[in-house]
Amino acid sequence: MLEGVVINSRQHVGLQKLSALSGRIRSSVGPFKNYKFIQDESSGDSVLVCSCFRIIENLEPTCAVGQLVYETVRGHHKQYRTGSGCLLFLAGGWSRAALDSLRRGISVQHIITAMSEGIDICLDVCKKFSVSFKDLAVMEKCTAAPGGTKKASTDASIEMANFHDKCLSKSGQRKVKLSRHFCEAKSDMLSTVRHPDQPDMIVIAESLSHGCEKAMKLAVEAAQMLLKTNQQHIRDPLFDISKMLTCLVSGLPEDYACVVEGCVLLLSDKQAAVAHVVKQQPLKVALITGDLSQTYRHLGFKSLPGEQCVCEDLDLSVSNKEDEWVDKVVKLLLNLEVKLILTAGLVSQKVIQHCCRHQILVVEKVNSSVLKTIGSSTGAIPVNYATQLTESCVGDGVNVEIWRDLSSYERKSLTAVNISTGRSSGLVTVVVTSCVHGKLQALEDQFWACAYRLHHALKDGALLPGAGGAELLCVHQLQKQAEHDRVKDSKTGSAANLYRGLVLQLMAGGLIDYITAVMVNTGRFTAANARTIVSKQLTEFHRDEISTEKFLQLVSQSKREDAGFSAVKPDEAPALNIYDNLSVKQEAWRKALDLVLLVLQTDAEIITGTGQKNEGNLMLL
């Protein structure tokens, strides 16, 4: 995974590996991500990826630092579904800052202290310059009014605003040329009713789409459908994202992607035959939280000590035991009149065969949130084992409908069914389609990233300036604090202030690297040009002290008509601002620094050892 990377064994190896790993995802930050093929040399299999998490997941890191990075990124991705690229990129940038600090003779303890203060400065910037929905609604009204749009005051401000526009402009989308299937068609965002006390959900969604307009359109449509089916008040637009599902269908063009009320699942030809028999009639349902097999044991199961199996027939085979168990389960299901079984785990082939003979539909690998929602809607109680089923555990009122016959599109004979309840379970399925099977996972990841961005934005009630804007403000504050420490040190002669100032400057350098990487990945800036624009904007920040009021005015002015920007055609509407999630970005920064400090301290313990004298100085993360 780190082949070709030169590691200096005389320095902190862990920090060098962390920096090298972050370099693998440099092209995956920002709105325009390059697709990559990752091939397994042993098997020859390949996978198409474009996100930071999928790259790290498929590279299968084996070193200790690589595994630590993977677990950190996986945990963040599982919770937020976005921001992993920012996390790993900054972890690499700040690991290089730590290495540079060590080369300058700054102690590990001073680096940890200074970097901890640096992240506090960044988090304070988030609180100070976040744009609340109330402010966003005011800015939206101002820019909608005649004469409410103004140009930025200087060339540097205009160029930064241009960069914001390029990230969202429809004409600025990069076309991936690896295959003819990868060309995306333009699409318009849905319209929606404006909520009285906050900006339009469409405005929020467009500013968070980050180049994935189609995926965000699906996310908005799914959110609106959830709000409608759950009959939520218009003043409470926060939707339950756990009730959103995805169903991946290959062989259909991407324009066929849609949002469907209910739970859409794919069935094999044998299961589809049963579905045709039981369709459009109220069914009794059983919910299994684990595998439906004779050998399955729940997590944490322990056999009784000294337990022995005594039976009369010593030649009883394992196969006979399984057959007896299957017969017992099927008999129980028939007595309870169960016609539909939903399991979170896998189902043994013998169970499926026996159930199909008795017209019982079995669906495996169902999302746990689906089991919970259907259970609450039908009265069914999920159980670990089929033998635990009783009449009180069985729910009723579930309907199965044939949604689409996909046998002509899929290589395998598959049928899509929609499982719903007459009591409006509130489930919504987003059907993701593509002619390229390997692209389905990337499209699904894009949808979930958009859905979670929208969900967290509504939950936070505030947004951060995007396209590197929040990072730029952090750089300004870090450099300002570093300069203050330098002046203070020249007066007092304290080395601690000097160390802190140097570390803060290096942290700011890591953020500048991130901003320029995002700009370069748009395909419209060189690295040198991007750094020049960032430097000009920072000069303006230092010259004219930024306040919250001035910043909001700056943000409002970025919604302007810029005749000098050739990429925007005269007949196109002005591009909207770009924003990031407040809580997601804060957590990504925290985890990035935690990762760096953990590797830094571990490296220091390996190099210097840990004795009784310095154990009290260890920082626990």
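**Loops, helices and packing in a predicted model**

Glu-337 lies in the loop that connects α11 (318-335) to β8 (340-343). The model described here is a predicted one. Phi of Glu-337 is positive, near 60°, in a residue other than glycine. With a relative accessibility of 51%, Glu-337 counts as exposed, the cut-off being over 50%. A second residue of this kind is Ala-467, which is not a glycine but has a positive phi of about 55°. Ala-467 belongs to the loop between β13 (462-465) and α15 (469-492). Because its relative accessibility is 9%, Ala-467 counts as buried.

The protein as a whole contains 19 helices and 14 strands. Of its 621 residues, 51% are buried. When contacts between residues at least 6 apart in sequence are considered, 76% of them join residues at least 24 apart.

Helix α4 (residues 84-103) was examined together with its neighbours. The 20 residues of α4 should span 28 Å at 1.5 Å a residue, and the distance of 29 Å between its end C-alpha atoms agrees with this. Since 16 of these 20 residues are buried, α4 is largely enclosed by the rest of the structure. Gly-105, which follows α4, has a positive phi near 85°.

Two packed helices are described by the angle between their axes and the distance between the axes. Helix α3 (residues 64-80) packs with α4 at an angle of about 150°, and the two axes are 9 Å apart. The angle makes α3 roughly antiparallel to α4. The crossing in which α3 passes α4 is right-handed. Val-69, Thr-72, Val-73, His-76 and His-77 of α3 make this contact with Ser-84, Leu-87 and Leu-88 of α4.

Helix α5 (residues 108-129) also packs with α4: the axes come within 10 Å and cross at roughly 140°. On the side of α4, the contact involves Trp-94, Ala-97, Ala-98, Ser-101 and Leu-102, while α5 contributes Val-108, Ile-111, Met-115 and Ile-119.

At 3% relative accessibility, Leu-595 counts as buried. Leu-595 and Ala-91 are separated by 504 residues in sequence, yet their C-alpha atoms are 6.7 Å apart.

Helix α17 (residues 527-543) has 17 residues, which should span 24 Å at 1.5 Å a residue; its end C-alpha atoms are 24 Å apart, in agreement. Ala-530, Ile-533, Val-534, Gln-537, Leu-538, Glu-540 and Phe-541 are the buried residues of α17. Viewed down the axis of α17, these buried residues fall within an arc of 155°, so they line one face of the helix. An α-helix has 3.6 residues a turn, so residues three or four places apart point the same way. On the other side of α17, the exposed residues are Ala-528 and Arg-543.

Conventions. Residues are numbered from 1 along each chain as its sequence is written. This is a predicted model: local features need pLDDT of at least 70, side-chain atom pairs count only at pLDDT 80 or more; totals for chains, interfaces and linings use all residues. Side-chain values use heavy atoms; hydrogens and water are left out. Helices (H or I, at least four residues) and strands (E, at least two) are DSSP runs, numbered from the N terminus. The expected span of a helix is 1.5 Å times one less than its number of residues. Buried means under 20% relative accessible area, exposed over 50%, partly exposed in between (1.4 Å probe, protein chains only). The arc is that of the directions from the helix axis to the C-beta atoms. Axes are lines fitted to C-alpha atoms, for helices over the stretch in contact, and angles run from 0 to 180 degrees between N-to-C directions. Contact means heavy atoms within 4.5 Å. Angles under 35 degrees count as roughly parallel, over 145 as roughly antiparallel, 65 to 115 as roughly perpendicular and the rest as oblique. A crossing is left-handed if the near helix is turned anticlockwise from the far one by less than a right angle, and right-handed if clockwise.
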